[in-house]
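The following exercises are to be worked with the sequence and coordinates at hand. Each task is followed by a solution in steps.

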Amino acid sequence: MITDATDQIAKDVKQELAQMVVYANKTLPAHEKMRLETAYFDTNVNIELTTEVKYHSQYQKDMQLTIDETELLHHASEQYHFAEAVDMLNTYASKMDTIYHQKRFLYSQNLGL
């Protein structure tokens, strides 16, 4: 599980996957070494993504709003590559950034007292 800012998540996942490759390569013979660019999941993969907007204010109670929840399932037979997962996260992060900047999640109303 990785929790991070939307603009950092793909970088952090890529780093975590790279560490998995390094760890796996420690036990593999030289002719079987993996590379991040070609490694893939050999088990079922369930990716759950949640994007939240958090609002902190000195005068208001902290608020948290979920703007997206996405679940992606990949069967082991698909050979879902690590690089595909990173590319998908880059696309997802860009989409969430666009949604965040196009929507007004918090607004104030002038009551005209």
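**Exercise 1: Burial and overall form**

In this predicted model, buried residues account for 24% of the 113 residues of the protein chain. Describe the fold pattern and the overall dimensions of the protein chain.

*Solution.* Begin with the secondary structure: the protein chain has 2 helices and 2 strands, and along the sequence they follow the pattern α-β-β-α. Next, consider the dimensions. The C-alpha atoms fill a box of roughly 75 × 25 × 20 Å along the principal axes. The radius of gyration is 19 Å, whereas a compact globule of 113 residues would have one near 13 Å. Finally, turn to the contacts: of those between residues at least 6 apart in sequence, 55% join residues at least 24 apart.

**Exercise 2: Aromatic pairs**

Classify the aromatic pairs found in the whole structure.

1. F41 is in the loop between α1 and β1 and Y80 in the loop between β2 and α2, so the pair ties together parts 39 residues apart in sequence.
2. For F41 and F82, the centres are 4.6 Å apart and the planes stand at 50°, so the pair is tilted. Because F82 belongs to helix α2 and F41 to the loop between α1 and β1, this pair ties together parts 41 residues apart in sequence.

Taken together, F41, Y80 and F82 form one aromatic cluster.

**Exercise 3: The setting of H74**

Is H74 buried or exposed, and which residues does H74 touch?

*Solution.* H74 lies in strand β2 (residues 63-74). Its relative accessible area is 16%; because this is under 20%, H74 is buried. The H74 side chain makes a polar contact of 3.0 Å with the side chain of E78. Beyond four places in sequence, H74 touches T43, N44, V45 and Y80; Y80 also counts as buried, at 6% relative accessibility.

Notes
Residues numbered from 1 in each chain as written. Predicted model: local features only at pLDDT ≥ 70, side-chain atom pairs only at ≥ 80, totals over all residues. Heavy atoms only, no water. Helix = DSSP H or I, 4+ residues; strand = E, 2+ residues; numbered from the N terminus. Buried < 20%, exposed > 50% of the residue type's maximum accessible area, 1.4 Å probe, protein only. Polar contact = N/O pair within 3.5 Å; in protein donor to acceptor, adjacent residues only side chain to side chain. Contact = heavy atoms within 4.5 Å. Rg over C-alpha atoms; globule rule 2.2 N^0.38 Å. Phe/Tyr/Trp six-rings, centres within 6.5 Å; stacked < 30°, edge-to-face > 60°.
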